[in-house]
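Below is a short briefing on one protein model, grouped by topic.

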Amino acid sequence: MTEKRKELEKLEKKRKELLKEIKAQEQRHYKALIEFFGDDFPRNEKKRPISLKQFKENYMLIEKKHYGNFKTPNEARRLEDYKTVFDVLKNTADNIDYSQGFPKIPNLAEFTRWIEKFKTKN
């Protein structure tokens, strides 16, 4: 029985050491983020960088060349939706047929039903 207790104590000690190591590593990553992004890093009301916990809950990193440094998950989903809409419009525009001397959309009825989803007035 005492051997099992000693083994459990060893495992608990190892777990605590690993947690300390993880926390130290997260703090290093957090400091690197703050240094790298500087003034672009999200701030609280007192103009100080937000905590790592808040950052993990509310933000995610995405490629800067497209949408800036930080976006909330909702904003990222909205950007994906915009991209989908833009792709449909671009595809429709690419498929316009001018062979009869005037523009003709091949799937006009289907496109009309799809675009009606975005109507704001009756």
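Buried residues (under 20% relative accessible area; exposed is over 50%, partly exposed in between, with a 1.4 Å probe and protein chains only) make up 11% of the 122 residues in the protein. This is a predicted model, in which local features need pLDDT of at least 70 and side-chain atom pairs count only at pLDDT 80 or more, while totals for chains, interfaces and linings use all residues. Residues are numbered from 1 along each chain as its sequence is written, and side-chain values use heavy atoms, with hydrogens and water left out.

**Overall make-up**
- The protein has 5 helices and 2 strands, where helices (H or I, at least four residues) and strands (E, at least two) are DSSP runs numbered from the N terminus.
- The order of the elements from the N terminus is α-α-β-α-β-α-α.
- The accessible surface (Shrake-Rupley method, 1.4 Å probe; for residues, only the protein chains shown count as cover) is about 11300 Å², and carbon and sulfur atoms hold 53% of that surface.
- Of the contacts (heavy atoms within 4.5 Å) with a separation of 6 or more, 24% join residues 24 or more positions apart.

- Helix α1 has 36 residues and spans 52 Å from first to last C-alpha, close to the expected 52 Å; the expected span is 1.5 Å times one less than the number of residues.
- The helix is followed by G38, which has a positive phi near 50 degrees.
- Y30, L33 and F37 are the buried residues of α1.
- An α-helix has 3.6 residues a turn, so residues three or four places apart point the same way.

**T92 in helix α4**
- T92 lies in α4 (residues 73–94) and is buried, at a relative accessible area of 16%.
- Apart from neighbours within four places in sequence, T92 contacts I105 and F111.

**I115 and a nonpolar surface patch**
- I115 belongs to helix α5 (residues 108–115) and is partly exposed, at a relative accessible area of 35%.
- L89, I115 and F118 make a nonpolar surface patch of about 250 Å².
- Patches take residues with over 30% relative accessible area and no salt bridge, joining like charges within 9 Å and nonpolar side chains (Val, Leu, Ile, Met, Phe, Trp, Tyr) within 5 Å.
- A salt bridge is a side-chain nitrogen of Lys or Arg within 4 Å of a carboxyl oxygen of Asp or Glu.
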